[in-house]
Amino acid sequence: MEDTSDRCFHVVGTEGSGAEQPSASSERAGGEAKNGDPAEEPLLSGAAGTVQPEEDSEQQAALKEQEQSSVTQQGRPGEGPGNPEVIGNNKQDVFEPGAPFRASFESTSPVTNENCSTLPEVRNSEREEETSQNSVLSENAASGAVTGSVIEDNETLRSTRANLDETIQSEKLCLDQERFPGKAVQEDYHMSDVITVRVQTDSDSFQDVVVKIERPTYQKPFLGGFKNKITGVEFHNAGSQTIPKKRLDKGIQLFCRETQTVFEKNKPQQTNNTTSTQMTKVGLYVSVVSDKIISPGKYLTADEYHERRLKAVIVLQKYFRRWHAMNIVQKLREKKRLRLAWEAQEELQKKKAKEKKLRRENERRLNPKTKEDFELLYHALELWRQEETERINRTYTGAERKAALCGLLEEEAQLIASIGRHKLNADEENQHKAILKFLDKVSDCTQPKRWKAYDGKITEMDTPNILRARELLEIYNSISMNDIPKDERMDVLGILRLTMKERECKLTQEILELIDREVDLMSREVKECNLEGLRKRICTLFLQYVKTPKFNPEVAKILKVPPDPLKLYKNVNFCHSCESYLPSTEFPVPANSCTFGRCHLCCKLDNEARQRDAYLKYKLLLENLRRSEVDYQDDAKIVFLVQHQDLQYMIENIWGCQSALSACSDLYDLVMVRWDKRHEWSPWNTILLTKDEADEHLKLCDLEKAYEAEFINRIKRKHIRTKKYFAQIPAMASFLHRSDN
């Protein structure tokens, strides 16, 4: 029997919307054909043709039987033009050596133009190879069938009676495999948009269904498949035929886990290292110059070996412990050195701060400038008077005592007069500084308004009020200048006269009279020194003119007093001492007072005349306490109700002007902090300590463990005394009940 592995199949199949199905020349079929077993070779269903390289008479006899079987296979449901299948190892399709070749035209229904979809004309592959295989085909037989009939050798598919709307399937065999070997090749085919499929609805009834072919509008993803090694045709899995589900665009690029995770695996490898030893032998000489003679030593038992190792380990441990101990000692020495240096630095800083404080107090007493400085002066004067009085009472008696007291009174009066002169000089200097500060604020108001445009450029604008303020400021600077020529002074006074004539009032009339007087005196050649008082008066009145919002609207932004007097009526109180009506800010309001008493000025005069107390230390304590309470941010209220008089009573009468721990009596180094830092500060939740002690106290979490019971009881007794004092104040009653609860 002739080997069938040399057969050549050429299949022209239909094209569907799905993936291509493997042809009869797939890898598996090709492999089996090479083994020479024709019985295992799969064929195309509905167009299964066999080839028998025998005589032509035998082929003609077998064609009739195959035509009948092919017509029967054409009517099977599900075998339309869009569903070609490859069936292998089927009993009906098994290759038989005696079966002739046949090619059939298949359609989904009998050959009519009514129910079948039109198909493009099938390319005639036989005509393409007609010239190349003409001599071969003349010696060998080829056969075909058109709806059951045989196609002659000189007849083409175009000359057949097949309609254009029918499905055409053909096979071509090359019987001379020695000169023209080949395999079955499945060519491309383009299907129409609409096809008709016949479906069997009953045992003896069929129904034609119109199917619309959907063309893929996207590139199919590769989800697996296989490839024909011979033809290079790719076959994709069924997952590629499904339109993928569109994912929502989240605005970010997502990656699967495999692209983000790196899996590493370490595997040790032991390579072989082949060594050899070359020895001297016949025909080979090896030098022994570098050889060494090794003699065996004393044999060590296991116990001796471990004992020697133990001794070596003990020696290593000794050296290591010595090294470790030296490191620890070195670190301790370094810490001690740093600690001593820090303590020395802190001590030096404290000493410098104390010297600076004493120097500042001496400077305040020698050159007093503020109210607190004069309070310290009067307080020092009172202390000196008390010491001298005590010394006189202890030393003298009778008339000598009275004479000494009179002399002390005269010295006190002289010191008070000296303090008064210092106060006048300080007031004048402070007033000059206040004027300069006010003029600086006015100069800030005269700056043009600026804003940034969309293009980044800065735009400046001068309003009429800004121009007016700038003009008045320039006039004031001009009239305040000294040692200027007479002509320039006359020009400045002329400009001032024109400015004052713009508004008529009592102030402007007075300024105009002073201007006329100065001009008259200057025309009479009066000396400059005699005109200083007149010029100062003009500057003072003009400054008052500048401060008036009616004449200078821009100055209203920097005035503390509201320009409308009606706004002060609801906030005015009467001072019974100086009999003046003043705003409420001019009255001290202690926590135990129910009504307004004397104003600040009257209280200061009374203190300078009688008690001469210095409240600077208590004011500093109260400021530090309020600042520390604000840092807690727990809405503290009581600390802002307490005044420095109340704080003075607590420090002097309850805490004894000393620290509760170290008994330090320097008020400049003492602070008041919370006794229990979990609760708001109050007079019954406080303790008086130094600054260093306060820092350590606030770090404590449990007071019961940190302090002894006796110390805690002593602090609680002080808190009870404080509660009794503040219980008389109505404003503190609600806070007391809240703390008790």
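Does Glu579 count as buried or exposed, and at what relative accessibility? With 60% relative accessibility, Glu579 counts as exposed, where exposed denotes over 50% relative accessible area, buried under 20% and partly exposed the range in between (1.4 Å probe, protein chains only). The model is predicted, so local features need pLDDT of at least 70 and side-chain atom pairs count only at pLDDT 80 or more, whereas totals for chains, interfaces and linings use all residues. Residues are numbered from 1 along each chain as its sequence is written, and side-chain values use heavy atoms, with hydrogens and water left out.

The protein chain contains 20 helices and 19 strands, taken as DSSP runs numbered from the N terminus (helices: H or I, at least four residues; strands: E, at least two). Of its 741 residues, 30% are buried. The chain exposes about 51,500 Å², of which carbon and sulfur atoms supply 52%; these areas derive from the Shrake-Rupley method with a 1.4 Å probe. Among contacts (heavy atoms within 4.5 Å) between residues at least 6 apart in sequence, 63% join residues at least 24 apart.

Two helix pairs were examined. The axes of H7 (residues 371-395) and H8 (residues 399-445) come within 11 Å and cross at roughly 170 degrees, the axes being lines fitted to C-alpha atoms over the stretch in contact and the angles running from 0 to 180 degrees between N-to-C directions. H7 and H8 are therefore roughly antiparallel, a class assigned to angles over 145 degrees. Residues of H7 including Phe374, Leu377 and Trp384 meet a set in H8 that includes Leu405, Leu408 and Ile419. By class, this contact of H7 with H8 has 13 nonpolar, 3 polar and 6 charged residues, with Ala, Val, Leu, Ile, Met, Phe, Trp, Tyr, Cys and Pro counted as nonpolar, Asp, Glu, Lys and Arg as charged, and the others, Gly among them, as polar.

For H10 (residues 486-500) and H12 (residues 532-547), the axes come within 13 Å and cross at roughly 35 degrees. Arg489, Leu496, Thr499 and Met500 in H10 meet Arg535, Ile538, Phe542 and Tyr545 in H12. The contact of H10 with H12 comprises 5 nonpolar, 1 polar and 2 charged residues.

Backbone torsions were also considered. Most residues other than glycine have a negative phi. Glu579, in the loop between strands S16 (572-575) and S17 (580-583), has a positive phi near 55 degrees. Gln633 likewise has a positive phi, of about 55 degrees, and is placed in the loop between helices H14 (616-632) and H15 (638-641). Gln633 counts as exposed because its relative accessibility is 72%.

How values were computed:
Parallel < 35°, antiparallel > 145°, perpendicular 65-115°, else oblique.
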